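This report goes through a structure chain by chain and then turns to its contacts and backbone features. Please keep the sequence and the model open alongside the text.

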Amino acid sequence: MKDFVKLLRSSPWSARFGMAVIVFYVVIATFAPIISPYGETDIVGSEFEPWGEGFFLGTDNLGRDMFTRLVYGARNTIGIAFVTTCLAFLIGGFFGLMAATLGGWVDQALSRIVDVFMALPPLIFALLLLTILGTSIPILIVVIAVLDSTRVYRLARAVAMNIAVMDFVEVARLRGEGLMWIIRREVLPNSMPPLVAEFGLRFCFVFLFISALSFLGLGIQPPTADWGSMVRDNATLITYGDITPLLPAGAIALLTVGVNFVVDWFLHKTAGLRDDQ
Amino acid sequence: MDKILKMIAQRLALGAVTLFIVSLIIFLAVQLLPGDLAEAILGQAATPETVAAFRRELQLDLPAYERYLNWLFGILQGDLGRSLANQREISELIGGRLLNTLFLAALAAAIAVPLAVTLGVLAALYRNSFYDRTVNMVTLTTISFPEFFVAYILILVLAVNMSVFPSISNVSSDLGFWERAYRSILPALTLTLVVVAHMMRMTRAAIINLLASPYIEMANLKGIKRSRIITHHALPNALSPIINVIVINLAYLVVGVVIVEVVFVYPGLGQLMVDSVSKRDIPVVQACSLIFAATYVLLNLTADILSILSNPRLLHPR
Amino acid sequence: MTSNPSNGNKGEVLLEMRDLRIEGQSDEQWHEIVCGVDLTLRRGEVLGLIGESGAGKSTIGIAGMGFTRPGCRISGGTITFDGIELTSAPEETKRALRGARIAYVAQSAAASFNPAHKLIQQFAEAPVQHGVLNSSEASKNAIDLYRRLQLPDPETIGSRYPHQVSGGQLQRAMVAMAMACKPDLIVFDEPTTALDVTTQIEVLAAIKDVVHQFNTAAIYITHDLAVVAQLADRIMVLRYGNLIEEGETRAMLAEPKEDYTSQLLAVRSYQRDEMPPTQEDPPLLEVRGVSAGYGPLIKVLDDVSVKIERKRTVAVVGESGSGKSTLARAITGLLPPYEGSVLFKGQPLPPSYKNRTKDQLRQVQMIYQMPDVALNPKQKVRDVIGRPLGFYLGMDEAARERRMRDLLEMIELPADFADRLPGELSGGQKQRICIARALAAEPELIICDEVTSALDQLVAEEILKLLQRLQDELEVSYLFITHDLATVRAISDQIVVMLRGRVVQQGGKTQVLTPPHHEYTDLLLSSVPEMDPDWLDELLDKRAS
């Protein structure tokens with residue numbers, strides 16, 4: 001705990017800013033029903049009402065309160081992106097560590113399969129799959145998680161490869177330890193820093209990716225409040241010089257900036273630590 | 001030289017195999033649907049005529065492998081099938097749009113590549129300077145922005161407030177180059193902003209990695225001028241990583257056009273694909289996927305081959 | 001811009017450092033790594049800088065060029081080269097000196113040559129850029145120097161790329177490159193450390209020859225006193241950034257003033273007597289006609305047979321590429337041999353470790369060259385030593401704790417080390433923990449793969465003595481894999497000499513080390529530098545005749 005406080009004190013302003021942003025978003029997402037004045041899908045006024053009394057940030061194209069939608073959007077967009085990233089890490093991380101530790105044909109087979117998947121542009125592949133499978137939230141999560149797990153696999157495998165060739169892993173092999181023990185006790189603990197950083201980066205990627213799909217009308221479907229689709233629905237306002245549609249887009253940008261700042265600092269920090277040893 | 005030719009032939013063969021598997025995946029993805037394809041896609045409310053048209057178009061009465069072979073040979077002869085939505089030839093739908101998309105990507109690349117490489121190399125050379133740190137923060141921020149955020153900000157500032165560029169990119173084939181470029185400038189700028197940040201960070205990382213090599217220290221200790229160290233010692237070895245960075249980002253760019261085209265209502269392939277996805281017009285989506293995927297695969301293949309060709313260890317084998 | 005370097009009188013001071021202080025940055029704090037060193041070098045003189053890792057010798061050496069590595073800074077004192085004060089000189093002045101009047105030879109030629117250019121282009125770069133020679137003169141010069149340094153095909157070798165030339169040749173090409181402008185001073189930074197002993201001789205001879213021929217002053221940096229004794233007129237012994245002792249080479253070797261110097265001098269003298277073979281049947285471990293390699297085409301071991309008896313030490317000695325480490329991998333089952341077998345107490349072991357029983361695995365343990373990577377940085381000493389105790393011997397927590405304390409005592413480390421992570425230990429301490437981990441399994445044979453070569457010499461000797469004491473107490477056998485004949489002399493009973501995957505000679509220590517030798521053994525033995533300033537000259541004379 002003390003170390004953590006010390007670590008925070010040594011952090012640059014950008015990382016502090018990033019952490020503050022993340023905490024802020026988590027609080028908003030958690031207490032969404034308390035913070036917002038109306039229900040998520042309630043139509044409470046006429047269309048495109050201006051900012052002001054009653055509707056702090058005006059209303060959207062169907063007359064729903066913009067501020068309420070923004071607050072609930074935090075919950076939905078971040079929640080779905082987080083679950084997707086976790087799933088991608090479970091799949092990609094496990095297979096990556098296993099391929100690196102086992103080596104041989106298992107590694108070859110898995111890596112070739114991943115190579116093929118990585119040869120497809122993810123957005124295009126996602127569009128194709130969503131056309132066929134439809135756009136429900138579970139399908140969205142699974143499709144993106146599987147596509148993204150190939151990237152996680154690549155990194156996890158590369159990191160674990162460097163560790164699996166270390167003498168201490170050979171010692172464990174020669175001692176007769178099983179695969180899971182070697183992954184859990186020898187490889188994983190030493191792969192953590194890059195994997196943690198990658199989690200942040202992958203979260204940003206998934207978050208932007210889902211927002212992009214929603215923006216195209218192919219991600220999270222109405223009436224669920226979601227930032228990407230909010231931009232799309234209210235985009236016409238831009239041509240009148242109204243910045244309302246930039247709010248959800250800005251909300252997306254701010255969180256990604258925050259996470260990226262923290263990850264950047266973390267990478268810097270762990271790279272520095274490695275030099276000292 | 002033999003070894004190089006062999007390696008390149010290997011990569012080309014691998015690329016061909018990848019393309020083949022990609023086409024297989026794109027085709028087979030449709031088979032993932034359980035039950036009757038026509039009803040699953042068109043829904044319960046479809047009229048018998050549309051279901052029949054759908055079955056005829058996808059040749060659902062034939063076995064899967066036969067359909068795949070027909071599809072593949074059709075593509076090889078330039079026949080991409082017909083759209084379900086409006087019965088038009090897909091090749092006809094795609095032709096002009098593909099050119100538009102390539103024009104947009106090329107325009108963005110022409111601005112982005114020189115800019116990103118120059119900025120990246122400078123950031124690496126003046127590492128930890130004020131310039132480097134500023135650039136780091138700015139690019140970190142830009143890569144965090146969704147494309148549509150950048151696009152709408154540009155529209156707000158340059159199209160709505162200042163009215164210097166059109167907010168809708170209304171291009172058609174009869175326009176001259178400059179008029180076309182003028183109308184495409186906002187989408188191109190959006191793409192540039194997004195891709196420059198990535199490309200620059202990667203260039204910077206590659207150069208910093210290189211400058212830490214012992215042979216650069218050796219050049220310093222030989223009293224070589226800084227400018228010459230950069231041009232004679234760093235650049236010949238930096239070529240391979242920089243080419244790699246550029247091509248990877250070009251691949252990213254070609255795919256990144258999808259969202260930008262939608263924002264600016266740019267008549268390109270991406271917009272067609274998104275439209276077709278919402279109409280569940282499967283043959284068109286498959287055709288577009290195949291074109292995007294093929295471009296992506298080919299660009300990555302180019303990166304691979306160029307980096308082989310710029311590696312001195314491989315160029316001059318023992 | 002540059003003066004003719006061979007002018008000036010011998011004896012005139014060329015380089016002078018006064019109270020030099022250099023700081024290095026770690027963990028965002030600056031620490032002094034060179035703490036007020038004085039150094040004087042005269043024209044034509046060769047000065048040896050010697051010390052263990054962390055002595056600051058390399059930092060001082062390149063500071064002589066007015067250069068500091070990234071993360072280091074000169075915090076005090078003066079460096080004067082031929083009247084020019086380098087600490088305050090503008091970058092342009094220093095740049096004009098480097099390469100032209102002061103040259104540098106790095107430890108790793110493979111990394112220090114630019115892979116994108118031919119050798120001769122890199123040779124010509126400094127003289128042409130400094131305006132000393134035009135490029136055709138430089139090429140002619142290069143060929144002369146290549147010939148002088150006895151590189152093969154001196155006319156054409158320059159048109160090769162660095163990766164097309166072998167390590168020893170590349171190192172000589174770098175010496176040639178340093179000589180390109182006929183500098184006044186060359187800084188040699190461990191130029192032979194990465195080389196095999198037989199190759200080291202060639203490079204040493206080349207350096208000695210050109211330095212004398214052109215009357216160049218030199219700073220020779222190394223951790224090996226015997227190497228520097230061959231070249232240096234004067235030696236400075238450094239430790240932790242401080243000067244310990246300075247003196248004329250012969251005087252210092254004959255009569256060191258400081259304890260630390262005496263220890264460094266005595267470093268290769270530890271030796272124990274050979275124990276007679278036990279003649280037991282079957283022997284503890286027998287390698288019978290083993291051939292092994294990577295893939296079907298690359299045969300690294302060719303029909304190797306070795307016997308190891310109880311409580312005896314067999315040393316396998318050879319240079320890089322001799323297959324000695326592959327032998328260890330074949331015995332442990334990491335690389336199943338395609339011919340031959342490994343027998344433990346007369347029973348054949350399954351070729352792959354994957355098919356061996358827990359008990360078979362327990363009986364053969366291994367200690368590695370790099371203690372840094374042989375210990376999991378995330379596991380405390382308690383877990384490192386505790387795991388084999390629980391895994392093989394099924395001990396419960398209390399029993400493990402007791403046994404671990406015993407083991408720590410055996411390897412002469414205090415009990416509170418149990419809570420440390422490897423990152424908090426020194427190199428020697430880490431290697432001791434590796435020994436304890438091997439002992440925890442209660443093995444009958446321990447394979448030691450270059451266990452001392454990554455350690456400083458004094459630490460290495462402590463480890464050897466520890467291993468010897470443990471053998472006496474625990475009656476364990478060792479298979480020692482090493483390139484270092486001093487280690488062999490110190491600890492072995494039997495010696496196996498390997499060359500390109502084959503055993504060229506084997507037998508008792510006294511027998512192998514006493515003439516007449518096998519031809520290759522002789523080459524190997526005679527190439528080990530001795531603490532005698534005349535050793536290299538005498539050897540070269542003998543080989544020439």
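## A loop residue in chain B

In chain B, B:Asn128 sits in the loop between helix H5 (90-125) and helix H6 (130-144); helices here are DSSP runs of H or I with at least four residues, strands are E runs of at least two, and both are numbered from the N terminus. B:Asn128 is not a glycine, yet its phi is positive, about 65°. It counts as exposed because it has 9 C-beta neighbours inside 10 Å. The scale used is the number of other C-beta atoms within 10 Å of a residue's own, with C-beta atoms placed from the backbone: 20 or more is buried, 12 or fewer is exposed, and anything in between is partly exposed.

The model is predicted: local features need pLDDT of at least 70 and side-chain atom pairs count only at pLDDT 80 or more, while totals for chains, interfaces and linings use all residues. Residues are numbered from 1 along each chain as its sequence is written, and chains are lettered from A and ligands numbered from 1 in the order in which they are written.

## Two helices of chain B

Helix H7 (residues 147-161) and helix H9 (residues 185-211) of chain B have axes that come within 9 Å and cross at roughly 135°. Axes are lines fitted to C-alpha atoms, for helices over the stretch in contact, and angles run from 0 to 180 degrees between N-to-C directions. H7(B) and H9(B) are therefore oblique to each other; under 35 degrees would be roughly parallel, over 145 roughly antiparallel, 65 to 115 roughly perpendicular, and the rest is oblique.

On the H7(B) side the contact uses B:Glu147, B:Val150, B:Ala151, B:Leu154, B:Ile155, B:Leu158 and B:Ala159, which meet B:Leu186, B:Leu189, B:Thr190, B:Leu193 and B:Val194 of H9(B). Residues are in contact if their C-beta atoms, placed from the backbone, lie within 7 Å. By class, the residues of this contact are ten nonpolar, one polar and one charged. Nonpolar covers Ala, Val, Leu, Ile, Met, Phe, Trp, Tyr, Cys and Pro, charged covers Asp, Glu, Lys and Arg, and the others, Gly among them, are polar.

Chain A has eleven helices and zero strands. Its C-alpha atoms fill a box of roughly 75 × 50 × 30 Å along the principal axes. Of the 277 residues in chain A, 50% are buried.

Chain A puts 38 residues in contact with 41 residues of chain B. On the chain A side, the elements giving two or more residues are helix H6 (122-133), helix H9 (179-215) and helix H11 (246-276). H11(A) gives the most, with ten residues. This side of chain A has 28 nonpolar, nine polar and one charged residues.

The contact between chain C and chain A takes 18 residues from chain C and 13 residues from chain A. Helix H12 (358-363), helix H13 (371-374) and helix H14 (381-393) of chain C each give two or more residues to the chain C side. That side divides into eleven nonpolar, four polar and three charged residues.

Six strands of chain C form an open sheet with mixed pairing, in the order S6-S7-S8-S3-S9-S10; strands pair if DSSP finds at least two bridges between them. Strands S6 (102-105) and S10 (242-248) stand at the edges with a single partner strand each, so one side of each has no neighbour in the sheet. From one strand to the next, the twist averages 15°. Strand S9 (residues 234-239) runs antiparallel to S10(C), joined to it by six bridges. In S10(C), C:Glu245 is the bridge partner of C:Val237. Helix H6 (residues 167-179) of chain C lies across S6 and strand S7 (185-189), at about 170° to S6(C).

Helix H11 (residues 324-332) of chain C is mostly covered, with nine of its nine residues buried. C:Gly333 follows H11(C) and has a positive phi near 90°.

## Backbone features

Most residues other than glycine have a negative phi, and most peptide bonds are trans.

| Cis peptide bond | Omega |
|---|---|
| A:Pro222 to A:Pro223 | near 10° |
| C:Pro515 to C:Pro516 | near -5° |

A:Pro223 lies in the loop between H9 and helix H10 (227-234) of chain A. C:Pro516 lies in the loop between helix H19 (509-513) and helix H20 (519-526) of chain C.

C:Lys182, in the loop between H6 and S7 of chain C, is not a glycine but has a positive phi of about 50°. With 19 other C-beta atoms within 10 Å, C:Lys182 is partly exposed.

Note on methods: Two residues are in contact if their C-beta atoms, placed from the backbone, lie within 7 Å.
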